[in-house]
Amino acid sequence: MPMEANFTDGRITEHPIFKFDRGKEVSFYFEGKPVKAYANETIAAALYANGLRIFSRSMKYHRPRGFFCGIGRCSACMMTVDGIPNVRTCMVNVQDGMRVSRQNAFPNADHDVLSIMDKLGFYFSLASGFYHRKMIHPTFLRRIYVKILTTFIGLGKLPPKESVSGLHGSKVSEEADVVVIGGGPAGLTAALEAGKRCKRVILLDDKKMLGGQLVKQTHRFFGDARHHAGVRGIRIAEKLTKQIGELGNVTPFLGTTVFGIYEDRTVAASQGDRLLKIHAKKIIIATGAYERTLVFENNDLPGVYGAGGVQTIMNTYAIKPGMRALVVGSGNVGLILSYQLLQSGVKVVAIVEALPKIGGYLVHAAKVRRQGVEILTSHTVVKALGRKRVTGAIIAQIDDSFKPIQGTEKQLDCDLICIAVGLTPTYELATQAGAQEAFVPELGGFVARRTKFMEVSDGVYVAGDVSGIEEATTAMLAGQIVGVHSSLKLGYGLPEDEKQLEAWVKRLDEERSGPFGEKIRRGLGSLIISEEDKIGVYPTVS
Ligand SMILES: Cc1cc2nc3c(=O)[nH]c(=O)nc-3n(C[C@H](O)[C@H](O)[C@H](O)COP(=O)(O)OP(=O)(O)OC[C@H]3O[C@@H](n4cnc5c(N)ncnc54)[C@H](O)[C@@H]3O)c2cc1C
Ligand code: FES
């Protein structure tokens, strides 16, 4: 296959914590060549394991792009699959005989002659929005301009009508007392509590397995025993999933993406070629968060990945992401990721942190330091080196205003730069359901105003990272609170529920009481609204 020189089977065969079930061996075609894969792998994971690093080319300048988020949020991995363009290959499993190719490059994405635009774009002045200023007159030529532009940019080609005439989608209507969107720790506990009380609960998640971020966590959690302290994240996910299965009245729909919440609490979701229309009496949004990136030279080069994307490739699909990694950010995510990289046999060349002190728990920092990893505070990455993939990085010390100090630059030899600089809540569905949003930097970005019991508009709740970036323990508590409160509002409940609810709210306050919770407390300050302040204007659906 037309890939980079180092063609290796990058699959991890042994791991100190995980046991991987790859499923049966299958074979699919990548740009005409057969590729070995396993049924439980996504297309992106299988291609990565086989050495592919350039997944696409950027729209305008045709710069090489690699896998980044691994969870369907960034579009860097879009390819044409069985004739359908723009398929996010990190979200779709491989199938025997499937045909996959990269798009919008000539003759292929490894050697794209259109990448000349990266050098010449400046002279043509292709600055952002140029198509609104140029190529608009005379109007009768606009159709031709559009055709030229779409040939060059990254939107793929629609297949001929005849080749898709055999595809028929279906539509399914469902009813539920409570619909939970997102199956991470918040969604799982919400579905569990609602399932214990209501007649029918539907749990929707766009991944093929439940657990959200937990499925990538090999380390034992902190906290107290009531919230799984001492248990590894992956085991917590398994335990909650099993408890939900035992209830019998919670129906999970996996591989199902919710794209809208409409009037009368109608949830619209797609599952492959199936459209689901679900009418819910109460909706719980627990969609978590997505990763931020960082501005530095060449930050789009294949090999610069989000920390969660690296965890996905390594801990979900058991593929070695690289040989030598630079980790950017020393919060808990950066520290834990560094330890997980070491577990998978990847050398961590350094962790750089812009702040003058380590952001995460010192116990995690001590663990990686014991393995010989240097943590450089007041440092950042200023440039990724390499032409088609990362071959190194330049780091530098920074001053009090976060500017690199000249003369402190240092070159590191690495093929992986992992960005762990924070998360942003996935708040969009809450806004669509009528929530009032506020920008709260302490909570990670836009979040919904909510009542004490996390209701954001009439019958719609939020829980977990979507309501503000915290951690799994608080996400699970919030899930329990909304699961019980929504059930009580529907007239279902267990004896002592009111008392239980107050106890969990108190417990959540306690979780946020330490020095690590100071930022969260500040962020939450102005967000609580009264029952009367809730609004709820949904878009209409016909
Ligand atoms: C490296 C790392 C280490 C961590 N370590 C700890 C720790 O030690 N202790 C701790 O308490 N916490 C830890 N956390 C934090 C914790 O994992 C998160 O705070 C927690 O997972 C948030 O839970 P959640 O349910 O809100 O979201 P998530 O776990 O992100 O789950 C959200 C789910 O919703 C799905 N989803 C999103 N949008 C849609 C949609 N439109 N349709 C359908 N499904 C959708 C997502 O795919 C996902 O499965 C760690 C996180 C990371 C990344
Ligand atoms: S959408 Fe697939 S890697 Fe981000």
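Angles under 35 degrees between axes count as roughly parallel, over 145 as roughly antiparallel, 65 to 115 as roughly perpendicular and the rest as oblique. The model shown is predicted, with local features requiring pLDDT of at least 70 and side-chain atom pairs counted only at pLDDT 80 or more, whereas totals for chains, interfaces and linings use all residues. Residues are numbered from 1 along each chain as its sequence is written, and chains are lettered from A and ligands numbered from 1 in the order in which they are written.

**View 1. Packing of α6 against α12.**
The axes of α6 (185-197) and α12 (472-489) come within 7 Å and cross at roughly 30°, and the two helices are therefore roughly parallel to each other. Axes are lines fitted to C-alpha atoms, for helices over the stretch in contact, with angles running from 0 to 180 degrees between N-to-C directions; helices (H or I, at least four residues) and strands (E, at least two) are DSSP runs numbered from the N terminus. The crossing of α6 past α12 is right-handed, a crossing being right-handed if the near helix is turned clockwise from the far one by less than a right angle, and left-handed if anticlockwise. Residues in contact, meaning that their C-beta atoms, placed from the backbone, lie within 7 Å, include Pro185, Leu188 and Leu192 of α6, and Ala472, Met476 and Val484 of α12. By class, this contact of α6 with α12 has 13 nonpolar, 7 polar and 2 charged residues, where Ala, Val, Leu, Ile, Met, Phe, Trp, Tyr, Cys and Pro count as nonpolar, Asp, Glu, Lys and Arg as charged, and the others, Gly among them, as polar.

**View 2. Packing of α6 against α7.**
Helix α7 (residues 233-247) packs with α6 at an angle of about 25°, the axes lying 10 Å apart, which makes α6 roughly parallel to α7. Here α6 passes α7 in a left-handed crossing. Among the residues that make the contact are Leu188, Ala191 and Lys196 of α6, together with Ile236, Leu240 and Leu247 of α7. The contact of α6 with α7 comprises 8 nonpolar, 4 polar and 1 charged residues.

**View 3. Packing of α9 against α10.**
An angle of about 30° and a distance of 9 Å between axes describe the packing of α9 with helix α10 (residues 362-370), and the crossing of these helices is left-handed. Asn332, Leu335, Ile336, Ser338 and Tyr339 of α9 make the contact with His364, Ala365, Lys367 and Val368 of α10. These residues divide by class into 5 nonpolar, 3 polar and 1 charged.

Gly182, Gly184, Gly212, Gly288 and Gly464 come nearest of the 38 residues around ligand 1, a residue being near if its C-beta atom, placed from the backbone, lies within 6 Å. At least two residues of this shell come from each of α6, β11 (257-262), α9 (332-343) and α12, and α9 gives the most, with 4 residues. By class, the shell has 16 nonpolar, 16 polar and 6 charged residues. Domain 2 and domain 3 each provide at least three residues of the shell.

The protein chain is divided into domain 1 (25-164), domain 2 (170-290 + 424-533) and domain 3 (304-421), with bounds that come from an automatic or database domain assignment. The centres of domain 2 and domain 3, taken over C-alpha atoms, are separated by 31 Å, and their contact takes 4 residues from domain 2 and 7 residues from domain 3.

The peptide bond from Phe106 to Pro107 is cis, with omega near -5°, and Pro107 is found in the loop between β7 (99-101) and α2 (117-124). Ser75, placed in the loop between β4 (64-65) and β5 (78-81), has a positive phi, near 75°, in a residue other than glycine.

Terms used:
Two residues are in contact if their C-beta atoms, placed from the backbone, lie within 7 Å.
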